[in-house]
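Colleague: I have just opened this one and would like a walk through it. Could you take my questions as they come?

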Amino acid sequence: MKALVYTGKLSMEMRDEPAPVAAEGLSLVKIEAAGICGSDMHAYHGHDARRVPPMILGHELAGTVVDGAMSGTRVAINPMLTCNHCRECLEGNPNRCAKRDLVGLGRAGGFADYIAIEPANLFPLSDDLGATHASLMEPTAVSLHAVVMAERALTRPISESRTLVIGGGAIGLLAALILKQKGARELVVAETNALRRATVDRLNCGTTYNPLESNVPDDDHFDLVVDAVGSGATRAHASQKVRAGGVISHIGLQDNEPGLDTRKLTLQEISFIGHYTYSPTDLKASLNMIASGALGSLDWVESRPLAEGAAAFEAIHTGSSASPKIVLHPQNQ
């Protein structure tokens, strides 16, 4: 089969790779859409020791089952693999499983013609939902999980809250769309890339600003700050902008550098919550939101053939694409 392979820092190559098979207990899925995630970019930049080249990345996936259980069914894929019997799994929090893995991390991912995966990880699609939008189930669930958990920590509902999202990539934009759908009183997005700010502005998804310039909101202003980048600089920015008694929702994993103002968090009783991926319930709810149109037309998603995947990674790397999400299509070579 054809596959886009991560071969080293800033290097992606189209190769012929052995096709997986529907071994016992697995289903074979023909991939129709595979989104490029920020974590894929993290590997591309040589910053993820867990993703060892040569490796087929890609975990935001949708396609059709062609062999094994559910054969003939169009599906979106839950890429998370867990033990299913530890305390965290049994309590409905498999994202906290100590043995968790992800396709495109410890197992070959979906930037390829096919992937083999457990049937329990497959979510059937309605006839009117295309593969491109269905592949957004996974990143939407990341954002939804963070917003839902943050909402529990807020002293007042999101509809009464001033909210800031740091980062206008896919996770940040999806978080903003979810906050908008929940009726956030005030919604602001911080993004350094002018093309992405223009995309957020076009979607009428709150106001935008460049945090590296002078026209930034006042400090101590926001009830909820969602950090969808996760760098020392963005943690510092979140610390400055959150109000006393507010919540910082931390999704991004860019680095582990200093920046969080723990003294302010302590003196002003600010909640800091780390969020990692999602539960199956978050995935199902996200798929329903996408299918129902709750997040809008999703016309900001850019599609490219898998054969142009290396160029797509380069475009994200250089910031030359205005789209927060590029989805690759193996069948459009």
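Colleague: Which exposed residues does the face of α9 turned away from its buried side carry?

Modeller: That face carries Thr281 and Ser292, where exposed means over 50% relative accessible area, buried under 20%, and partly exposed in between, with a 1.4 Å probe and protein chains only. This is a predicted model, in which local features need pLDDT of at least 70, side-chain atom pairs count only at pLDDT 80 or more, and totals for chains, interfaces and linings use all residues. Residues are numbered from 1 along each chain as its sequence is written, and side-chain values use heavy atoms, leaving out hydrogens and water.

Colleague: And which residues in α9 are buried?

Modeller: Asp282, Leu283, Ser286, Leu287, Met289 and Ile290 are buried in α9. Seen down the axis of α9, they fall within an arc of 160°, so they line one face of the helix; the arc is that of the directions from the helix axis to the C-beta atoms.

Colleague: What comes just after α9?

Modeller: Gly293 follows, with a positive phi of about 85°. Helices here are DSSP runs of H or I with at least four residues, and strands are runs of E with at least two, numbered from the N terminus.

Colleague: Switching to the sheet, what is the strand order?

Modeller: The open sheet of six strands runs β12-β11-β10-β13-β14-β15, with parallel pairing, and two strands pair if DSSP finds at least two bridges between them. β12 (207-209) and β15 (271-274) stand at the edges with a single partner strand each, so one side of each is left without a neighbour in the sheet.

Colleague: How many bridges join β13 to β14?

Modeller: Five bridges join β13 (residues 222-227) to β14 (residues 242-250), and Asp227 stands opposite His250 in β14.
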